Amino acid sequence: MPRSILTAIVVGTVVLALAATATHREAALAQAPGASGPFDSTITQHAQKMLEEGRRIFRYDTFGDEAFWGDQLKLHQAIVGQKLGGVGAGLSPKAALSLGLKVDADALPADLVAQIKAGKVDMTDPASTVALLKANAVVGVTAFLNADGSARSVGIQCALCHSTVDDSFAPGIGRRLDGWPNRDLNVGEIVALAPTLKPFADLLGVDDAAVRKVLRTWGPGRYDAELVQDGKTTGPNGRSAATVLPAAFGLAGVNLHTYTGWGSVTYWNAYVANTQMHGKGTFFDPRLNDKTRFPLAAKAGHANVRDPPDLITSKLAALHFYQLAIPAPTPPAGSFNAQAAQRGEAVFGGQARCGTCHVPPLFTEPGWPMHTAKEIGIDEFQADRSPDRQYRTTPLRGLFTRQKGGFYHDGRFATLDAVVNHYDQHFNLKLTADQKRDLIEYLKSL
């Protein structure tokens, strides 16, 4: 056979083989979005299971913390009041709502809904609060009841601080909005209702009255997650050391959690569940052994918590999965000027240089999103309370949910105008008034 014919046959065979391979690859890629192999199905089923378990844990799991809030602090006694076997006047629904507690309308029994609509529920009677607790309708709070309906203990969940409601039934009563910070919630006042605060008093080395005084300085939407580590109660200019409650949505792709980047989302879940919610579990962070910086943590053994039975660790994965699945909410229609926002996007990525740190679409830095206080032009107080002494670049999506209580870790800037003016001055950006207005509209659109 002539060499030219043989070469043509070989080349043709190779071309056909490559074409077949390409066709097979294209077919495989076309099928990829709807992959249905055995392990693909396993992944899908696992993801759905994790999502459902994580939602349940976020909303309803106390991690056994009723042993602290109920058994030690007797908080349930203050909720039900003396007439129902507790102490004091009790906490009525009206008072509970004024403290920022929320009610899940979907959990309300139909007959109770009908009574509320008909005005037949006394919103000033603690017995009505007990009815809501029996229905497991108070967001983030679980009552443990005796056979006769009286309360024997109470526990809290993640949802207490990191969920709110859409007010679709009434102010403070509606469908859950998981991940949204409850900026109405007055955690300090709620804890101060407890008949005894001895565990806090013993750790802080002060009397009961002093603990209550500190708690009542926090105010709505604020909490101090470092108080039991360093004992600091006030920051610069005599302001409370408490920080505004952060969002728990839009965390997918984000490295560190919290304003000062103590650790990852999973780290912070373990930290809070063990050292703040006072659940039963395991937590390890040798940085808290520093007796100079974290004297109370060292005293309490927070660097190495082993509190059996461990009711926390096995739930961290699903809880993390659910939090990563919560997207940042979309701003309400009409809440910003779309045309101005479009112009503001150019300012954000251009002259204002916001996108240097708040990198779209995460709106924080991929990698290590940490900065010194000097870099961002503020005091170092809150940063110094964290192990790495720095501030995290906070993701910006869903800013509209965080307007109440102010911006930054301590709410020092009441408005976005104040935030923009701060950076304009600190970085000498020389933004015009129109650029500032457009930038603000863009921030409101995120």
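Helices here are DSSP runs of H or I with at least four residues, numbered from the N terminus. In this predicted model, helix α11 covers residues 208-215 and includes Val214. Val214 has a relative accessible area of 18% and is therefore buried, the cut-off being under 20%. Apart from neighbours within four places in sequence, the residues in contact with Val214 are Leu227 and Thr233. Asn237 lies 23 residues from Val214 in sequence, and the C-alpha atoms of the two are 16 Å apart.

Strands β2 and β3 were examined next. Strand β2 comprises residues 141-145 and runs antiparallel to β3, with five bridges joining the two. One of the paired positions is Leu145, whose bridge partner in β3 is Ala151. The two strands form a hairpin with five residues between them, and Gly149 in this hairpin has a positive phi near 95°. Strand β3 itself, residues 151-156, is mostly covered, with five of its six residues buried.

For helix α16 (residues 338-349) and helix α20 (residues 433-445), the angle is about 100° and the axes are 7 Å apart. Helix α16 is therefore roughly perpendicular to α20, since angles of 65 to 115 degrees fall in that class. By class, seven nonpolar, three polar and four charged residues make up the contact of α16 with α20. On the α16 side, the residues involved are Ala340, Ala341, Arg343, Gly344, Glu345, Val347 and Phe348. Their counterparts in α20 are Gln435, Asp438, Leu439, Glu441, Tyr442, Leu443 and Ser445.

Cysteine pairing was also considered. Zero disulfides were found in a search of the whole structure. A disulfide requires two cysteine sulfur atoms within 2.5 Å. For Cys161, the closest cysteine sulfur belongs to Cys158 and is 9.3 Å away, so the pair is too far apart for a bond. Cys161 is also counted as buried, because its relative accessibility is 14%. For Cys354, the closest cysteine sulfur is that of Cys357, at 9.1 Å, and this separation is likewise too far for a bond.

Conventions:
Residues numbered from 1 in each chain as written. Predicted model: local features only at pLDDT ≥ 70, side-chain atom pairs only at ≥ 80, totals over all residues. Heavy atoms only, no water. Buried < 20%, exposed > 50% of the residue type's maximum accessible area, 1.4 Å probe, protein only. Pairing = 2+ DSSP bridges. Contact = heavy atoms within 4.5 Å. Axes fitted to C-alpha atoms, helices over the stretch in contact; angles between N-to-C directions. Parallel < 35°, antiparallel > 145°, perpendicular 65-115°, else oblique. Nonpolar A, V, L, I, M, F, W, Y, C, P; charged D, E, K, R; others polar.
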